[in-house]
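Trainee: Could you help me read how the pieces of a protein pack together?
Mentor: Gladly, let's look at one together.

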Amino acid sequence: MRIVIAGGHGQIALRLERLLAARGNEVAGIIRKAEQGDDLREAGAEPVVLDLESASVEEVAAQLRGADAAVFAAGAGPGSGTSRKDTVDKGAAVLFADAAVQAGVRRFVVVSSMGANPAHKGDEIFDVYLRAKGEADEYVRGLDALDWTILRPGALTNDAGTGLVRLEAHTGRGPIPRDDVAAVLAELLDTPATAGLTLELISGSAPVPVAVKSVAGN
């Protein structure tokens with residue numbers, strides 16, 4: 001498959017690029033800064049320099065044409081203010097989804113966040129983030145032209161992955177290594193029967209392939 005990842009230099013994205021490239025997929029990662037390109041090449045991905053905060057739908061669609069799947073893994077990051085939650089966590093996600101529709105890429109996977117909710121209350125930066133992610137998820141779910149899956153991981157850690165997870169519509173809160181998030185994303189891309197599902201993910205006891213097959217049957 002050819003897979004295009006928005007936010008290609010993110011911690012989860014780089015892990016996912018390595019996994020997908022190792023499986024023989026052709027992977028492209030959209031990045032904002034050309035100097036990030038070497039890290040993507042090292043992971044086995046082709047870097048595409050494009051700023052999703054200023055690009056047009058047509059420019060993004062041009063990068064998506066011919067792809068078999070698209071993954072939105074971009075984020076404004078923990079050091080960013082409230083305005084970038086709107087322009088990246090929501091705005092870039094909406095742009096990327098619209099571009100996928102225009103490019104005819106049906107399979108669309110979103111890295112969201114546990115607790116994402118357009119009705120989330122509060123004015124702290126994290127509250128604004130959860131609202132923005134929730135609004136983006138809701139927008140994607142409304143697009144009939146996409147076979148979407150939304151993944152909402154719990155608290156992300158840099159611990160080594162165990163390959164053992166809990167993946168359900170509602171898991172309750174808990175931690176999850178970024179390694180295991182990337183492994184689940186790779187498996188979701190290989191499992192089109194997970195389209196139409198919004199899934200929470202934390203560490204658990206089920207091997208990743210088993211966990212994904214289990215939800216695909218529901």
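Mentor: Helix α6 (residues 178–189) packs against helix α7 (residues 208–216) at an angle of about 50°, and their axes lie 10 Å apart. Because of that angle, α6 is oblique to α7. This is a predicted model, where local features need pLDDT of at least 70 and side-chain atom pairs count only at pLDDT 80 or more, while totals for chains, interfaces and linings use all residues. Residues are numbered from 1 along each chain as its sequence is written, and side-chain values use heavy atoms, leaving out hydrogens and water.

Trainee: What do the words helix, axis and oblique stand for here?

Mentor: Helices (H or I, at least four residues) and strands (E, at least two) are DSSP runs, numbered from the N terminus. Axes are lines fitted to C-alpha atoms, for helices over the stretch in contact, with angles from 0 to 180 degrees between N-to-C directions. Under 35 degrees is roughly parallel, over 145 roughly antiparallel, 65 to 115 roughly perpendicular, and the rest oblique.

Trainee: Which residues in α6 and α7 meet?

Mentor: Contact means heavy atoms within 4.5 Å. From α6, Ala 183, Val 184, Glu 187 and Leu 188 meet Val 208, Pro 209, Val 212 and Lys 213 of α7. By class, this contact of α6 with α7 holds six nonpolar, no polar and two charged residues (Ala, Val, Leu, Ile, Met, Phe, Trp, Tyr, Cys and Pro count as nonpolar, Asp, Glu, Lys and Arg as charged, and the others, Gly among them, as polar).

Trainee: Which residues touch the most other members of the largest nonpolar core?

Mentor: A nonpolar core is a set of buried Ala, Val, Leu, Ile, Met, Phe, Trp, Tyr and Cys residues joined through side-chain atoms within 4.5 Å. Buried means under 20% relative accessible area, exposed over 50%, and partly exposed in between (1.4 Å probe, protein chains only). Here the largest core has 36 residues, and Ile 5, Val 71, Leu 151, Leu 167 and Val 184 touch the most other members. Helix α6 supplies its largest share, eight residues. A second, separate core has 34 residues, including Val 4 and Ala 55.

Trainee: Is Leu 199 buried or exposed?

Mentor: Leu 199 has 3% relative accessibility, so Leu 199 counts as buried. Leu 199 sits in strand β10 (residues 197–203). Leaving aside neighbours within four places in sequence, the contacts of Leu 199 include Leu 151, Leu 167, Leu 188 and Val 215.
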